[in-house]
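User: I am new to reading protein structures. Could you take me through this one by question and answer?

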Amino acid sequence: MTYDFDRVVDRHGTSSVKWDYEQEYTGTTGLLPLWVADMDFPAAPPILEAIQRRMNHGIFGYVREPDSYFEAAMAWLERRHHWSVRREWMVASPSVLSALSTAILAFTAPGEGICIQPPVYYPFALRIRGNGRRVVENPLVLRDGTWDMDLDGLERAMDPGTRMLILCSPHNPAARVWERGTLERLAEICRSRGVLVVSDEIHFDLVMRGRRHIPMASISDESAVNTLTLVSATKTFNLAGLGGSFTIIPRAELRRKFESTQHAVLGVAPNAIAVAASEAAWRHGEPWLEELLGYIQGNYDVLERFLAERLPRVRLFPLEGTYLALLDMRGLGIVDAALKEKLLKDARVWLDEGAKFGRGGEQMQRMNLACPRSVLKDALERMAGAFG
Ligand SMILES: Cc1ncc(COP(=O)(O)O)c(C=O)c1O
């Protein structure tokens, strides 16, 4: 191992959402936080060096993303995801969520339907409702202990007023990496009904061994022109506090509409540090990412063994993608409110409640595995103490 993912770095006092606001968010203190999706690991050394170089210059006036930034991103997509993207398809945005809101405003009207597949990243529903659009749900289904899309249900769920589908690929919190066949059928259903696909692929690089992420837009020319793809370096390389993302929009008229809407609603001058960090990540971050994925798989293996031995009534879904494991706690027979109380007050562990992600997430908890192994083991011992 070149990188020391075992090292515990104290994040208190850095305005960390995960570590510094427990009293405000939960009403209690002394918690071990394994909730929100960022990592307790320092960024890769080449990224830190690029940031340092940029900082040493000392002037942080307005910047643009240089061509070299987009070239690095394109090479990354080609190398890691076998997807050839043209420079002109790419639009920079402040964050994936800002790009999502821009897409909602640009391509749907108030009252129109936007389809999501819960349990799913809960800000999707918040953004849809917050912008006065209607949430259309097509819940995932559980088949043989794995989450799947209900594609027959999708045809029934989408009424004529449904204009957009937000895909989460890989899926947070189900930890699924969608197969080609599923994506092909999904693309065809959406295309035939004139439903635009907004594919949030922020977790695209976080794919476990034996799995491959397939960009929705890469599956066919028809899918490319009916899809907006939202990605960034921030999830892969733990740079969320810096921001920055880009949206890939092959169809020119959609791209123009997206850009004009973005200009109308947002200041889009990028963060100078984020631009330097993201480019360094795509150019030099691959060895770090490879080791990170191995470490997360190792954490998942520890979690799986621990549950089997010490908490057998808690089941685990396979981790195909993301670093977020979904724990099925229905076997404990405790309702959500009591489960939350027990985790916070007895175990003193802070996870993300599955119910927050919508239908199907009840009595489940999402656990962030991007932490040093000793932190994970501490959390598991605390949970065994409370539930064992
Ligand atoms: C599926 C998904 N989309 C978007 C985001 C947030 O992206 P950003 O910070 O770029 O808005 C997250 C963060 O966890 C996520 O899991």
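The questions below go through a predicted model, one topic at a time.

User: Which helix holds R255?

Analyst: R255 sits within residues 252-265. That stretch is helix α9.

User: R255 is buried and has no salt bridge; how far away is the nearest side chain of opposite charge?

Analyst: A salt bridge needs the nitrogen and the oxygen within 4 Å. For R255, the nearest side chain of opposite charge belongs to E259. The distance is 5.1 Å.

User: Which backbone oxygen does the side chain of R255 reach?

Analyst: Set aside the neighbours within four places in sequence. R255 is then in contact with E88, W89, V91, I249 and P250. At 3.2 Å, its side chain reaches a backbone oxygen, that of P250.

User: Are S245, T247, F246 and I248 of strand β10 buried or exposed?

Analyst: In a regular strand, side chains alternate between the two faces of the sheet. In β10, S245 and T247 are on one side, with F246 and I248 on the other. Both faces are covered, and these four residues are all buried.

User: Which residue in β10 stands opposite M90?

Analyst: Strand β2 covers residues 90-93 and pairs with β10. The pairing is antiparallel and has four bridges. Opposite M90 stands I248.

User: Which residue in β10 is the bridge partner of L230?

Analyst: Strand β9, residues 227-231, also pairs with β10. Three bridges join them in the antiparallel sense. The bridge partner of L230 is T247.

User: How many disulfides does a search of the whole structure find?

Analyst: A disulfide is a covalent bond between the sulfur atoms of two cysteines. The sulfur of C168 has its closest cysteine sulfur 13 Å away, in C115, which is too far for a bond. C190 is in no disulfide either, with the sulfur of C115 at 7.4 Å. Over the whole structure, the number of disulfides is zero.

User: What is the relative accessibility of C190, and does it count as buried or exposed?

Analyst: The cut-off for buried is under 20%. C168 counts as buried at 4%. C190 also counts as buried, at 0%.

User: W147 lies in which strand?

Analyst: W147 is buried, with a relative accessible area of 2%. Beyond four places in sequence, it touches residues including P119, L140, A174, F317 and M364. Its place is among residues 146-148, in strand β6.

User: How far apart in space are W147 and H171, C-alpha to C-alpha?

Analyst: In sequence, W147 and H171 are 24 residues apart. In space, C-alpha to C-alpha, the distance is 9.7 Å.

User: Which strands stand at the edges of the open sheet of four strands?

Analyst: The order is β11-β12-β15-β14, with antiparallel pairing. An edge strand has a single partner strand, so one of its sides is left without a neighbour in the sheet. The two edge strands are β11 and β14.

User: Which residue in β12 stands opposite R315?

Analyst: Two bridges join β11 to β12, and the two strands run antiparallel. β12 covers residues 324-328. Opposite R315 stands D328.

User: With which residue does R330 form a salt bridge?

Analyst: R330 is partly exposed at 41%. The closest N and O atoms are 2.7 Å apart, and the partner is D328.

User: How many salt bridges does the structure hold?

Analyst: Some salt bridges share partners. R143, D148, R176, E179, R211 and E320 are joined this way into one network. The structure's count of salt bridges is 29.

User: R11 and D38 meet in a salt bridge; how far apart in sequence are the parts it ties together?

Analyst: The N to O distance is 2.9 Å. R11 lies in the segment before α1, and D38 in the loop between β1 and α2. The pair therefore ties together parts whose separation in sequence is 27 residues.

User: What is the separation in sequence for the parts tied by E137 and R359?

Analyst: E137 and R359 form a salt bridge, with the closest N and O atoms 2.9 Å apart. E137 is partly exposed at 26%, and R359 is partly exposed at 48%. E137 lies in strand β4 and R359 in the loop between β14 and β15, so the separation in sequence is 222 residues.

Terms used. Residues numbered from 1 in each chain as written. Predicted model: local features only at pLDDT ≥ 70, side-chain atom pairs only at ≥ 80, totals over all residues. Heavy atoms only, no water. Buried < 20%, exposed > 50% of the residue type's maximum accessible area, 1.4 Å probe, protein only. Lys, Arg positive; Asp, Glu negative; His and termini not counted. Polar contact = N/O pair within 3.5 Å; in protein donor to acceptor, adjacent residues only side chain to side chain. Contact = heavy atoms within 4.5 Å. Pairing = 2+ DSSP bridges. Disulfide = S-S within 2.5 Å.
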